[in-house]
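Subject: Structure handover

Hello,

Here is the structure for your pocket work. My notes follow below it.

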Amino acid sequence: MNKFYNSVLAGMAIGIAGICNLASGGIIGAALFAFALSAIVCSNWVLFTGRAGFFTNTREFFDLAIILIYNAVGVALAVYLSDTFVRFGENALRIVEIRKAAGLGVFMPSILTGFIMTVSVKCAREKQWLPLILGIPTFVMCGFPHCVADIAYYCVAKDFPWTVWLMSVAGNLIGCNLPTLLRKFVNKKETMQE
């Protein structure tokens with residue numbers, strides 16, 4: 001039950017941040033987006049991209065799918081409670097059209113989002129907040145896809161491109177694990193040279 005509660009709340013925080021970004025746009029919308037991840041880390045809520053870079057066993061890896069579903073429920077709940085369809089529908093549609101135009105090309109920038117998320121969360125857990133405060137607006141301003149946040153845009157626009165979204169999920173997952181993968185690669189090379 002805790003996982004459901006904490007994952008839905010994390011999704012709601014991301015949903016609110018997505019709505020805020022649709023309402024404000026630009027640097028203000030991107031900066032205010034950091035509210036979501038700050039709240040998630042401080043409250044120990046569970047976000048797919050906040051956990052994807054830190055799983056330690058097979059069970060935790062498969063739990064990520066459940067977390068993502070619960071996050072989606074939270075995002076959808078925030079969107080439907082806010083009733084933003086009329087006010088921000090056009091803004092959301094612009095983002096959705098950009099994602100759809102990129103098609104499978106969303107995969108590469110999604111990796112960068114995942115990388116930013118893992119670095120931000122790792123630093124915030126160590127009480128170093130600057131990477132989070134700067135990192136979240138960075139991926140928003142760059143237009144990099146975030147698989148949970150994009151659900152808010154898809155819900156508001158009433159257009160859900162499943163293939164594009166799944167590519168962003170895969171890209172985020174790889175990006176979240178990029179620091180670990182690179183560290184293992186470097187360690188392996190160093191071991192082979194000894």
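In H9, the buried residues are Ala 149, Asp 150, Ile 151, Ala 152, Tyr 153, Tyr 154, Cys 155, Val 156 and Ala 157. Buried means under 20% relative accessible area, exposed over 50%, and partly exposed in between, with a 1.4 Å probe and protein chains only. Helices (H or I, at least four residues) and strands (E, at least two) are DSSP runs, numbered from the N terminus. Since 9 of the 9 residues of H9 are buried, this helix is largely enclosed by the rest of the structure.

Two notes on the source. This is a predicted model, in which local features need pLDDT of at least 70, side-chain atom pairs count only at pLDDT 80 or more, and totals for chains, interfaces and linings use all residues. Residues are numbered from 1 along each chain as its sequence is written, and side-chain values use heavy atoms, with hydrogens and water left out.

Asp 159 sits in the loop between H9 and helix H10 (162-193). Leaving aside neighbours within four places in sequence, Asp 159 is in contact (heavy atoms within 4.5 Å) with Val 96, Glu 97, Lys 100 and Tyr 154. The C-alpha atoms of Asp 159 and Ile 28 are separated by 25 Å; these residues are 131 apart along the chain.

Largest pocket
Its volume is about 360 Å³. A pocket is found on a 1 Å grid over the protein atoms alone: an open set of points where a 1.4 Å probe fits, with protein on both sides within 12 Å along at least five of seven lines; lining residues have an atom within 4 Å of a point. Grid points are joined across faces, edges and corners, and a volume is the space filled by probe spheres set on the points. The lining has 19 residues, and Asn 21, Ile 95, Val 140, Gly 143 and Tyr 153 lie nearest the centre. Helices H1 (2-24), H6 (85-102), H8 (130-142) and H9 (149-157) each give two or more residues. H6 gives the most, with 5.

Second largest pocket
This one holds about 150 Å³. Its lining includes Leu 37, Ile 40, Trp 45, Arg 51 and Arg 125. Helices H3 (34-43), H4 (48-51) and H7 (107-125) each supply at least two lining residues. H3 gives the most, with 3 residues.

Best wishes
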